[in-house]
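Please keep the structure open as you read.

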Amino acid sequence: MTTPPINRSRLFLASRIALVVTAMSFALRGNAMAAWGAHFQLNNEQVGVISGTAFWGFTLAMILGGPICDAIGMGRIIGLAFVGHLAGIVLTMLAWNYTSLFLGTLLFGIANGSLEAACNPLIATMFAHDKTTYLNRFHVWFPGGIVIGGLLGYGCDRLGWGWPVQFGLMLLPLAIYGVMFLGQSFPPTERVSSGVSTGRMFAACLNPIFLVMVLAMWMTAATELGTEQWIPTILASAGVSAILVLAWINGIMAIGRQFAGPFVHRFSPLGMLLGSAVVSGLGLVAISHSHGPALFAAATVFALGACFFWPTMLGYVNTRFPDTGAVGLAIMGGCGMLSAGLILPLIGRTYDHGIEMRLPVGQTVAALSAAPADSPLGALWTQVQAESGLQTVGKMAILPAVLIIIFLGLHLGSRRRSA
């Protein structure tokens with residue numbers, strides 16, 4: 001039987017639609033976190049654990065999927081992602097307690113990680129001549145999908161449709177990407193086609209600069225994903241529609257990644273990452289000191305900073321260390337998602353602690369949260385949540401501050417080597 005030719009344009013489009021499903025789950029999960037807490041009687045740390053489970057599942061799939069990607073092929077891993085997405089959607093829609101919600105989120109995370117484990121090396125292989133640009137164009141649809149999910153969540157909330165209906169909306173793009181990938185031929189990974197041995201691949205992953213970039217990935221991912229996942233809950237009391245702030249941030253990020261090419265060709269990847277660390281840190285500080293409509297301006301600064309983090313990290317590492325192949329991309333993506341999974345409960349705990357510190361003498365969280373919104377106690381509860389949430393966001397700025405030091409050192413070292 002003749003193998004059909006590789007259709008690069010169809011595979012690229014299908015990959016982007018699949019990434020929309022991943023991103024919609026991120027937005028709709030963030031929109032549902034407060035409702036999960038109320039419905040299942042969970043505190044913010046417990047909600048953070050459930051949400052973080054998606055990132056743990058992602059990491060598990062990336063770490064396992066990267067090494068076997070060369071062996072079983074990218075198409076089979078994408079098939080596993082499709083099954084995981086379907087199971088995760090259905091179980092989340094039908095969740096009846098903490099455990100079922102936890103498992104549904106875990107399945108979704110495994111599906112998301114499987115998808116990235118296959119699609120990142122697929123795109124790096126198909127567009128080996130300009131990896132960073134095309135990885136940015138692929139990852140346009142992570143913030144793009146968050147915008148779609150955020151606007152759908154906002155509209156569904158206004159119509160009174162809860163999270164089960166909202167998660168069900170993902171079945172449509174799921175079906176589309178499943179049909180588009182069905183029957184397609186996939187190329188061998190770049191590492192396999194270039195004849196790099198498995199031993200050489202793992203040796204490349206031990207390069208000291210590669211390991212430094214892995215460390216940096218922990219912090220760039222926590223800065224971007226940890227902050228964004230909590231924004232709908234944290235900013236809900238800050239005088240603005242938090243889900244619209246999330247959509248605004250990701251709309252800006254989508255536009256930035258779509259037009260990343262000129263930046264990639266004008267500035268070095270390390271220069272882009274250094275600038276991103278500076279601007280994202282300023283954005284987090286600005287958000288922590290803003291309220292109401294001013295949050296959109298502060299969020300714009302953060303979005304412009306966080307915009308290029310993820311795809312530029314992947315593109316730089318795969319270009320600088322091509323022998324690391326699919327495993328290198330899996331390590332980077334897996335560590336990035338693992339860091340987000342670790343930071344989410346920590347953010348929730350910090351948020352809870354800030355609330356407790358601001359409670360007036362004689363008041364409890366249970367009493368204030370049960371007060372009518374238009375009552376004095378209700379207004380006090382809103383104020384306490386807003387102040388604690390904004391302070392929590394501000395504390396995240398320490399991560400880009402450390403990243404500035406790392407990227408500045410790497411950038412200066414790279415310039416000295418070039419000279």
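## The largest cavity

Sorted by class, the residues lining the largest cavity are 6 nonpolar, 3 polar and 1 charged; here Ala, Val, Leu, Ile, Met, Phe, Trp, Tyr, Cys and Pro count as nonpolar, Asp, Glu, Lys and Arg as charged, and the others, Gly among them, as polar. This is a predicted model, in which local features need pLDDT of at least 70 and side-chain atom pairs count only at pLDDT 80 or more, while totals for chains, interfaces and linings use all residues. Residues are numbered from 1 along each chain as its sequence is written, and side-chain values use heavy atoms, with hydrogens and water left out.

The lining consists of Thr22, Ser25, Phe26, Arg29, Ala54, Phe55, Phe58, Asn112, Phe142 and Met337. H1 and H2 are the elements that give it two or more residues, and H1 gives the most, with 4 residues. On a 1 Å grid over the protein atoms alone, a cavity is a set of points where a 1.4 Å probe fits but cannot get out, a pocket is an open set with protein on both sides within 12 Å along at least five of seven lines, and lining residues have an atom within 4 Å of a point. Grid points are joined across faces, edges and corners, and a volume is the space filled by probe spheres set on the points.

## The largest pocket

The largest pocket has a volume of about 690 Å³. Among its 30 lining residues, Met33, Ala34, Asn44, Thr233 and Gln385 are the closest to its centre. By class, the lining has 16 nonpolar, 10 polar and 4 charged residues.

Which helix supplies the largest share of this lining? That is H1, with 6 residues. Helices that each supply at least two residues include H1 (8-40), H2 (44-72), H11 (208-234), H17 (325-358) and H19 (376-395); helices are DSSP runs (H or I, at least four residues), numbered from the N terminus.

## The nonpolar core

The largest nonpolar core has 126 residues, of which Met213, Leu235, Met332 and Phe407 touch the most other members. Such a core is a set of buried Ala, Val, Leu, Ile, Met, Phe, Trp, Tyr and Cys residues joined through side-chain atoms within 4.5 Å. H1 provides the largest share of this core, 17 residues.

Leaving aside neighbours within four places in sequence, Met213 is in contact (heavy atoms within 4.5 Å) with Leu273, Met313, Tyr316, Val317, Met332, Phe407 and Leu410.

H17 has 34 residues and reaches 50 Å from its first C-alpha to its last, close to the 50 Å expected at 1.5 Å a residue; the expected span is 1.5 Å times one less than the number of residues. Of the 34 residues in H17, 25 are buried, meaning under 20% relative accessible area, with exposed over 50% and partly exposed in between (1.4 Å probe, protein chains only).

Is Gly389 buried or exposed? Gly389 is buried, because its relative accessible area is 0%. Gly389 is found in helix H19 and, beyond neighbours within four places in sequence, is in contact with Ile234 and Tyr351.

Gln41 lies in the loop between H1 and H2 and counts as exposed because its relative accessibility is 73%. Phi of Gln41 is near 55 degrees, a positive value in a residue other than glycine. Most residues other than glycine have a negative phi.
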